[in-house]
Amino acid sequence: MSKRMLWLVCWAIPAIVAAGEPRTAPGGPREIRLPDCRIALIRQVTLACDRPGVVKSVEFREGDAIEARQQVVLIADEVARANLAIAEKKASNDVDVRFSEKARDVAEVEYQKNVEANKTTKAIAPLEIEKLKLAADKGVLAIEQAKNELALNKLAENQARAELATYSVIAPFSGVVTRVYKHPGEAVRQGDPILELVNIDRVRIEGRVSLADVRAIKLKHKVRVKLNDPDFDLPEESEPFVGRVTFVDVTVDPVTRETRVWAEVENRDNILRAGLMAEMVIEIAE
């Protein structure tokens, strides 16, 4: 074989091999497909009361929708409300301050008049003048003391209001009631579960990727999700959902050599129900 023929063969073999490999256009997206992902809830809490008592009212039942910051449970709070009413009355009473100001004004006027009169007659002993001055100074301090007491009463009012708030259970976010553990008239201890609240607006898609692919996945990469449950043929399986990668584990399973990857997607019409399986495709820009 001549050198020219040998050169042509060596050139042609790599070209043929390269022509048989799939190639991605420069700058185009590359996809990592995870067929067996599990759908999980992101926001699910069991609400409890901060103090023991008797349940006065439970405003919702299973299946009811709740708005964020809405009261869902109330513990009997009559004593706490009475304490708050007393504290509010004390905090609004400034009689001691006004009385101390009037007493200070009287003592100051008496002191000044005696000082002026003593300039001409010298009839008042210096010790009496000093006593009048001390009485005027005492009036100033009495005002300060009265204002301090009023400030303490306002703090006591805030404390009573904060204590009253502990008798209510407030929803931390919008969601749906999935379970009610306690009903009106039942006794509860501090920390006893009363109501379970779930938010279904967004769900988490939990999958696993091989060690070879995990380096390419970054936070906020776009994902496409579809239902893919092997046990059911659901009509919603054709519905696409779009989200972003929110978590890439820093550890690797020593057996499967895989890493956990999570994404969050908007759960339109509650199609993606927790516990079902889904397929997730992660788009990675080359």
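A residue is called buried under 20% relative accessible area, exposed over 50%, and partly exposed in between, using a 1.4 Å probe and protein chains only. By that scale D269 is exposed, with a relative accessible area of 66%.

The model is predicted, so local features need pLDDT of at least 70 and side-chain atom pairs count only at pLDDT 80 or more, while totals for chains, interfaces and linings use all residues. Residues are numbered from 1 along each chain as its sequence is written, and side-chain values use heavy atoms, with hydrogens and water left out.

Helices (H or I, at least four residues) and strands (E, at least two) are DSSP runs, numbered from the N terminus. D269 belongs to the loop between β11 and β12 (277–285). Phi of D269 is near 55°, a positive value in a residue other than glycine. N270 is found in the loop between β11 and β12, and N270, although not a glycine, has a positive phi of about 55°.

Two strands count as paired if DSSP finds at least two bridges between them. Strand β8 (residues 193–210) pairs with β11 in the antiparallel sense over nine bridges; within this pairing, V203 has V265 of β11 as its bridge partner. β10 and β11 also run antiparallel and are joined by five bridges, with V248 standing opposite V261 in β11.

E206 is placed in strand β8. With a relative accessible area of 25%, E206 is partly exposed. E206 and A40 are 166 residues apart along the chain, and their C-alpha atoms are separated by 7.2 Å.

**Aromatic rings and charges**

A pair of aromatic rings is described by the distance of the centres and the angle of the planes. Rings of Phe, Tyr and Trp (its six-membered ring) pair if their centres lie within 6.5 Å; planes under 30 degrees apart count as stacked, over 60 as edge-to-face and the rest as tilted. By this rule the count is one aromatic pair. The pair consists of F247 and W262 and is tilted, with 4.5 Å centre to centre and 40° between the planes. F247 lies in strand β10 (residues 241–248) and W262 in strand β11 (residues 258–266), 15 residues apart, so the pair links distant parts of the chain. What is the exposure of the two partners, buried or partly exposed? F247 is partly exposed at 24% relative accessibility, whereas W262 is buried, with a relative accessible area of 19%.

Some rings also have a charge over the face, meaning that NZ of Lys or CZ of Arg is within 6 Å of the ring centre and within 35 degrees of the ring normal. Two such cases follow.

| Charged residue | Ring | Distance from the ring centre |
|---|---|---|
| R204 | W262 | 4.1 Å |
| R268 | F241 | 4.4 Å |

**The sheet of four strands**

Another group of strands forms an open sheet of four, in the order β5-β4-β2-β7, with antiparallel pairing. Its edge strands are β5 (168–170) and β7 (187–188), each pairing on one side only. Strand β2 (residues 53–58) pairs with β7 over two bridges in the antiparallel sense; G53 has V188 in β7 as its bridge partner. β2 is joined by three bridges to strand β4 (residues 71–75), and these two run antiparallel. In that pairing V58 stands opposite V73 of β4.

**Helix packing**

Two packed helices are described by the angle between their axes and the distance between the axes. Axes are lines fitted to C-alpha atoms, for helices over the stretch in contact, and angles run from 0 to 180 degrees between N-to-C directions. Angles under 35 degrees count as roughly parallel, over 145 as roughly antiparallel, 65 to 115 as roughly perpendicular and the rest as oblique.

The axes of helix α2 (residues 78–92) and helix α4 (residues 126–165) come within 8 Å and cross at roughly 160°, which makes α2 roughly antiparallel to α4. This crossing of α2 and α4 is left-handed, a term for a near helix turned anticlockwise from the far one by less than a right angle, with right-handed used if clockwise. Helix α3 (residues 95–121) also packs with α4, at an angle of about 165° and with the axes 8 Å apart. α3 and α4 are therefore roughly antiparallel to each other, and α3 passes α4 in a left-handed crossing.
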